[in-house]
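I opened the model to look up how the chains meet and how each is built. My notes follow in the order I took them.

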Amino acid sequence: MSRKVIGGPTGTGRDPNAKLLRVVDIKTHFRTEKGTVRAVDGVSFTLDRGRTLGVVGESGSGKTILSRSIMGLLPKRNVVRQGHVYYEGTDIIGLPDEEMRHVWGSEMAMVFQDPMTSLNPVKKIGKQITESLFLHLHMDKQDAHDTALALLSSVGIPEPEQRLNEYPHQLSGGMRQRVVIAIALACGPKLLFADEPTTALDVTVQAQILNLLQQLQRERHMAMILVTHDLGVVAGRTDEIAVMYAGKVVEHAPTPVLFSNMKMPYTEALLSSIPKLDYPSHTRLEVIPGRPPDLINPPRGCRFAPRCKYAQERCLNEEPPLIAAETPGHMFRCWFPVGSPEGEEALSRNLAAGASASGVPVTDVPMPASLAGRS
Amino acid sequence: MAGSGTEHLRPAGDTLLRAENLVVEFPVGRTGLKVHAVSDVSIDVRAGETLGLVGESGCGKSTTGRAIMQLPRPTSGRVLFDGHDLVTLPSSELRRLRPEMQMIFQDPISSLNPRRKVSQIVAEPLRIWKRAAGDQLDKIVETTLENVGIDPAAAWDRRPHQFSGGQCQRICIARALVLNPKLIICDEPVSALDVSVQAQILNLLEEMKAQYNLTLIFIAHDLAVVKNVSDRVAVMYLGKLCEVAPPDELYARPAHPYTEALLRSIPVPDPSIRPGEEGTLGGEIPSPVAPPSGCRFRTRCPRVQDMCAQVEPKMRQIGLGHYVACHFPLDAIGPKPGAAQLAQQMNAMTSPTTRRPVPPKLVTPPVSGVSASAPPKPAG
């Protein structure tokens, strides 16, 4: 393995003019005793250099498995992977680990949710950062040390020289996440996956880390996939958003369009279930009834129909395809989209009947409505 | 902030719970050092009220909740509950008061015994206190489960692992309600749940509060969640109280620089608001083993002055029900809607001496050494 070319999955066939990342109909199914879990079930999107895609969904929606499928970080047994992941024009699905090793770290890297468990507790921080510098960039000891130092300062860690000789447990959660980011950025990847990077952190530290990621991304012209359950986190910091539900992308749109003109009832429901700061206190929250479906036996029609207040007979039987909306780049998966005449009609029909076609009670709750009778 | 004082407390006869000057300290090994988890915190709750307690992790909000429950007993201070001082009450008498005060914890799955059936879990408090037996006991358990939205027939013989996190939290709520308590302390009850389930649980807590005439202390780090459920909000930082106010007032006109920074850090689900660097708090919460002198927030405060290192700010009133512990609070009476009305109410309610003029705004950042505090570390 004496390749001197920095990065590059195969060294050949890579086209710098191609889209950085093109994901085509990717499927990841897990075989379990109870049946096949369709964790990711046909997701496609493209991502350009320097752009940010937000992937939003509840736990169990498949957002984490999606990012791991793209990176090829899945167990080898009992997994069915289908579809294509073109990285700079080359399909990297099914590449052997020896070749993926040149992609991981140097071309794409990942920042995980929990900074404590994603660092090695018995290795000094310096060693963990320089590991990939030796491996991918073939640096000598002095260069690697200097680069590690520069990386730690660039992620805003005070006294970097001293930190290089410390262990992860000697740092706070926010500082550890900065170290994880420094490690991910060490070899200058073109694509960064951030999988719930701030969920384990406090709100003021969350703002610091999100600002840091944004600043580093701009400086390095790096593409980023930001996976989160919090629509608030992606709202101001992404170019596009893909909303996932039960293993599928149910709405994909440029960020401003998604918020101003959402079509998918699930996106609408998700947004209205978040308590907002501008609501007066004791505002009754609109809830999504029930729970996400079982991914072994997903519902036959639309997967959101059993919880949807717009649901009609058709939704229970026919699965909607991804439909293009008027705005370019905006796609959704719904027969009765929010704000459309059909959607309005479906909702008023359900309101009149008091329930949706799947039996979910539908009542008119004006938002925001203050709870009557507060003490 | 990070101040002490009891000016924000209401008359003792008026409140169901009144904790005065709570101090909780833990020893650090055999070093002789102490973790100052809670330092002189006073809070009170009226019957039927929800008090929201917010702050970042490590600020002592959970410890405050536990100190009120005497789990463990605080190092010093008084906790008056329904006329009894819990801190000095003998254990046997304290035990007799326990059914009145219940707690709901953050992780619903690990706070339920995995080997018990749901019906046993919810019935256990009734059995211990011999409140009911036989059919009557089953009936109470059934009604309580129904009230929290769990189908008693389906859940009866099942165990916690067969339920989702949201359902487990409903079972925890049923267990807390079954003895008809007066006070429930909810310690981060929704932070382990998904947003859609979080909304279900928050609505359920509001419904149960009305149905069972509950008084709640709601501990959480999410300011939007706390605003939604509370009648009064107390902001904590590093074992001290910063600000106490009614939620709508606190969020519209935060007076403490820490409250303002917290509010600004919340990601807003609106793409037209681009989160910026400005207003983001730099640095991290200092160690509670050796907290800063004076105001504990001064090491990260954008308005810090020499005085903040020497004199600890005390709670003082700056508006109707609005108290702050800060030497240099933000202009609490800004040109915002409702300000004129508030000023009117204030003039009617308080003497002018309780309002101190706001000192001129700082222009130059303090130089370290002069301010006696290290400048906050840059965020990026």
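**Entry 1: the chain contact.** I started where the two chains meet. The contact takes 44 residues from chain B and 49 residues from chain A. I counted two residues as in contact if their C-beta atoms, placed from the backbone, lie within 7 Å. On the side of chain B that touches chain A, α7 (195-212), α8 (223-229), α9 (247-252) and α10 (257-265) of chain B each supply at least two residues. α7(B) gives the most, with 8 residues. Helices (H or I, at least four residues) and strands (E, at least two) are DSSP runs, numbered from the N terminus. By class, this side of chain B has 20 nonpolar, 12 polar and 12 charged residues. For the classes, Ala, Val, Leu, Ile, Met, Phe, Trp, Tyr, Cys and Pro count as nonpolar, Asp, Glu, Lys and Arg as charged, and the others, Gly among them, as polar.

**Entry 2: ground rules.** This is a predicted model: local features need pLDDT of at least 70, side-chain atom pairs count only at pLDDT 80 or more, and totals for chains, interfaces and linings use all residues. Residues are numbered from 1 along each chain as its sequence is written, and chains are lettered from A and ligands numbered from 1 in the order in which they are written.

**Entry 3: chain B, helix α1.** I checked burial next. 8 of the 8 residues of α1(B) (residues 61-68) are buried, so this helix is largely enclosed by the rest of the structure. Buried here means 20 or more other C-beta atoms within 10 Å of the residue's own, all placed from the backbone; exposed means 12 or fewer, and partly exposed lies in between. Among the buried residues are Lys61(B), Arg66(B) and Ile68(B). Gln70(B) follows α1(B) and has a positive phi, near 65°.

**Entry 4: chain B, strand β1.** I followed β1(B) (residues 17-28) to its partners. β1(B) pairs antiparallel with β2(B) (residues 33-45) over 10 bridges. Two strands pair if DSSP finds at least two bridges between them. Arg18(B) stands opposite Asp44(B) in β2(B). The hairpin of β1(B) and β2(B) has 4 residues between the strands, and Gly29(B) takes a positive phi near 50° there. β1(B) also pairs with β4(B) (residues 76-81), antiparallel over 5 bridges. Leu17(B) stands opposite Phe81(B) in β4(B).

**Entry 5: chain A, the sheet.** Chain A has 12 helices and 12 strands. I traced an open sheet of 8 strands in the order β6-β7-β8-β3-β9-β10-β12-β11 (chain A), with mixed pairing. β6 (108-111) and β11 (323-324) of chain A stand at the edges with a single partner strand each, so one side of each is left without a neighbour in the sheet. β11(A) joins β12(A) (residues 331-332) by 2 bridges, antiparallel. Ala324(A) has Met331(A) as its bridge partner in β12(A).

**Entry 6: chain A, two domains.** Chain A is divided into domain 1 (21-238) and domain 2 (248-353); the bounds come from an automatic or database domain assignment. Their centres, taken over C-alpha atoms, are 30 Å apart. How many residues touch across the two domains of chain A? 16 residues of domain 1 are in contact with 12 residues of domain 2. β2(A) brings 9 residues, the largest share of the domain 1 side. That side divides into 6 nonpolar, 6 polar and 4 charged residues. Last, I noted that 50% of the 375 residues of chain A count as buried.
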